[in-house]
Amino acid sequence: MSGRAGVESTTVSRTLADVPTDRTTSLGEACERPPGRLEGELREPQQLDPETAARRRRALARIRQYGDPILRSRATPVARFDNELRRQAQEMIELMRDALGIGLAAPQAGLSQRLLVYQIDEESEARVLVNPELVWHSEELEVAEEGCLSLPGVLLEVERPLAIRVVAQQLDGAAIELEASGLEARVIQHELDHLDGILILDRVPRDQRRAALRALREALERPAAGADVVLSSPAAASDSSSPRDQSSPVTASD
Ligand SMILES: [Zn+2]
């Protein structure tokens, strides 16, 4: 497992360097463990100070949750590279950071646009990909745990290609090509799925999906769901150390 040193891309992509990084929590020392969780990943959940926890709750309340039809829709390509797009990207970055996520796709923020942001750790910069397309992926697959900011209480072992190549545009419309592996590749694939209305529920075998849906229902029924649920209940704890024999996306119902 390559760990979180998510591989430098070969290209330079513009990032919003001016976004303040006021995050004080750390990614944690759990480096032994593959940091495979995606957006729902928390950086040291136990150590959230009240202010951070409150900020996270507010952020989660602004993120579309399971059941919202936008999460099942295919997002529209971005056509205008203007200030509004830049503003949206910046807002998404702030939302992702406040929610203590490491990636966010525009539909989760209520925008049906092919736009995603991610930041796999505190040391790296936030990146923005507009109209991203997967153009290559490795044959080699890897299973790792993923969470999702739109699926409170759900953690699933998801199998994905280890390395990918993506073409996309920057906020000014310039074309870029990006290679990634490990966690970075995983986050990008997770967010690319969101742009096509695919959730991690669709990427796991049926029995795990059922367990996840149960956990999800419980989480959503709880008042003030979201904030603490992802923190404290690694639901549907699947012990899949065994290799997956399927990976076909299924259009899950609810
Ligand atoms: Zn997600």
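In what order do the five strands of the open sheet lie? The close-ups below start there. This is a predicted model, in which local features need pLDDT of at least 70, side-chain atom pairs count only at pLDDT 80 or more, and totals for chains, interfaces and linings use all residues. Residues are numbered from 1 along each chain as its sequence is written.

**View 1. The open sheet runs β1-β2-β3-β6-β7, with antiparallel pairing.** At its edges are β1 (103-105) and β7 (175-181), each of which pairs on one side only. From one strand to the next, the twist averages 40°. Strands here are DSSP runs of E with at least two residues, helices are runs of H or I with at least four, and both are numbered from the N terminus. Two strands pair if DSSP finds at least two bridges between them. As a reminder, strands of a sheet pair through backbone hydrogen bonds, either parallel or antiparallel.

**View 2. Strands β3 (residues 127-137) and β6 (residues 163-169) run antiparallel and are joined by five bridges.** For a landmark, find H137, which stands opposite I164 in β6.

**View 3. Helix α2 (residues 83-98) packs on the sheet, touching β1, β2 (115-118) and β3.** Its direction makes about 40° with that of β2; axes are lines fitted to C-alpha atoms, for helices over the stretch in contact, and angles run from 0 to 180 degrees between N-to-C directions. Among the buried residues of α2 are L85, A89, M92 and M96. The buried residues of this helix pack against α1 (50-62) as well as β1, β2 and β3. Contact means that the C-beta atoms of two residues, placed from the backbone, lie within 7 Å. The end C-alpha atoms of α2 are 22 Å apart, which agrees with the 22 Å its 16 residues should span; the expected span is 1.5 Å times one less than the number of residues. Just after the helix, L100 takes a positive phi of about 60°.

**View 4. C148, H190 and H194 carry the annotation "binding site" in an unreviewed UniProt entry.** They span 47 residues in sequence, yet no two of their C-alpha atoms are more than 10.2 Å apart, so they gather at one spot. UniProt positions are given in the numbering used here, feature names are shortened, and annotations may be inferred rather than shown by experiment. H190 counts as buried with 27 C-beta neighbours inside 10 Å, and H194 is buried with 26. Beyond four places in sequence, H194 is in contact with A105, P107 and Q108.

**View 5. Residues 1-44 stay under 50 in pLDDT, and so do residues 225-254.** This score is the predictor's confidence in each residue, from 0 to 100. The chain has a mean pLDDT of 77, with 69% of its residues at 70 or more.

How values were computed: Buried ≥ 20, exposed ≤ 12 C-beta atoms within 10 Å, placed from the backbone.
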